[in-house]
Amino acid sequence: MKRRNFIKKASLSTFTALIGADIVFGQFLPEGYTPLALHQTDPFALFEKDKEMQVLNDRPWNMEAQAHLLDDSITPNKYMFIRNNGLIPKNIDINNWKLTIDGESVKETKTYSLAELKSKFKHYTYQLTLECGGNGRSEFNPPAKGNQWTVGAVSCANWTGVRLKDILKDAGIKKNAIYIGYHSADMHLTGDINKAPISRGVPMSKALQDETILAFKMNGKNIPLAHGYPLRLVAGGWPASASGKWLTGISIRDKVHDGAKMKGSSYRVPCKPVAPGSKVKDEDMCIIESMPVKSLITYPKTGALIQRGKKINLRGHAWAGEYGVSKMEYSIDYGASWKQCLLENPVNRLAWQHFSTTVGFPSRGYYEVWARATDTENNAQPMLLPGWNPKGYLNNACHRIAVKVV
Amino acid sequence: MILKRKYLFYSVVSLLAVILILFIRHKSENENNYEIVKESASFNGIKDGIHINTGLKDADGLPLVIAHCTGCHSAKLITQNRLSKDGWQEVIKWMQETQNLWDLGEDEESIVAYLSKNYAPSQKGRREPLKNIEWYALED
């Protein structure tokens, strides 16, 4: 509080002196806004994250895990990636929080308080895989713009809430409904209150799935602020941007939702394959729906030195968007031969599946252990980068770790 | 609110710690060393060719980039990206069309030149070798 007051009183010239450069268009800085150069924040303390998490961006906050941090069956908050498009809302008042259901295809616009949502509708808990559409972007060539995620923008936590379909049916869905779009309480980076940082959605078929929920708990506790407190739409298996945080509204649309980050190259890929580096027209881009099959070796951490004759216990998780994973394999010879891992069933649909095996090595030397999952539609992970796309989405190339036998 | 208070608490503690360290160093070390401390603590300092406070490379155009680009978003959004001249130009156009970025006027040329020179792509191929491996003894 005191800091805010200080900031309010500080003049533009004070900021300019501190930064050592003129602030261009400084007169348009929103009141109470601290220029980024003056931010001194410990995000690990702020968001209760592990110190090994990697900060990609601090305005807006974006943070990812490393493969070995994701070893838990159920991802705890401290290892959950943060992907924000805008600024996290401040001063959340849960007693006056409202969720409005509206749009062209709602029978009756309805507003619910959090207490009503919790008391009126049945609660469900599902373990749901959320992966950023851009997870793995850093590997694309030519590079794609945006946060350069490596492998850690994925999580699978327990989410508790009410089914979206129960609420939509309570408000009434007209026959011409095609899509839903969410609205959130976060703020655009510029502070422009007329601009939504992000307002995406899913087709009705996804909105009406049992596992598509409006969650108020994550891993049995209130959702952490960075992950959408007090209410989050969770649509597992799709780009995590479809799971709107700090939810204030759902519009039932008679057309494909046209909110922020639904158009252009945002969360869209070329409808037909293109050569790397191609320019693709807007009308030739298609919205990403289910995420592709993928897996991660979470133990051991890459860089393991082992004694000759010793075996390693390998384990990790595999997931496949809307589908299940049917086969999990590993290779220690760059794909010349593959051996099968033990693969567990998911605890529920859209939850990741755990795999494990024991791996031996024939001689001393440098090895890479590559992991490859195959989904129930018979799609396997590629060893090389999959099709290039302008924003670098959907990199599901095999994960690998380095091992040296000494 | 709890988070905010915690954050305030941490900020105050770390600020006090920095002041204490600077104070002790100032008392105990000679004039030359004091200059170094002052430099690294400054918001405007450059160390090893990097602007300390933003992480941006120290090169022609740096003040313009700080002034125009870090008002709304982190400099990390620049330093983690690698784009061609056309690529950076397109990002600016996209920000102007959708994200409220202003007309950069005659500064645009210098900004694009800075970005495309200092944050240019390198050829990565279809899959890079594993890099920066930190080796450790695995005991099971």
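1. The model is predicted: local features need pLDDT of at least 70, side-chain atom pairs count only at pLDDT 80 or more, and totals for chains, interfaces and linings use all residues. Residues are numbered from 1 along each chain as its sequence is written, while chains are lettered from A and ligands numbered from 1 in the order in which they are written.

2. For the complex, the predictor gives an ipTM of 0.85 and a pTM of 0.85.

3. Within chain B, helix α2 (residues 31-41) has the lowest confidence, at a mean of 36, and strand β3 (residues 136-137) the highest, at 98. The pLDDT is below 50 over residues 23-42 of chain B, a stretch with nine contacts in the model beyond near neighbours in sequence. A contact requires C-beta atoms, placed from the backbone, within 7 Å.

4. Chain B contains six helices and three strands, in the order α-α-β-β-α-α-α-α-β from the N terminus. These are DSSP runs, numbered from the N terminus: helices are H or I, at least four residues, and strands E, at least two.

5. Of the 140 residues of chain B, 19% are buried, that is, with 20 or more other C-beta atoms within 10 Å of their own, C-beta atoms being placed from the backbone. Among chain B contacts between residues at least 6 apart in sequence, 50% join residues at least 24 apart.

6. In chain A, three strands form an open antiparallel sheet, ordered β1-β2-β3. Its edge strands, β1 (54-58) and β3 (82-83) of chain A, each pair on one side only; pairing requires at least two DSSP bridges. Strand β2 (residues 61-64) of chain A pairs with β3(A) over two bridges, and N62(A) has R83(A) as its bridge partner in β3(A).

Notes. Buried ≥ 20, exposed ≤ 12 C-beta atoms within 10 Å, placed from the backbone. Contact = placed C-beta atoms within 7 Å. pLDDT = per-residue confidence, 0-100.
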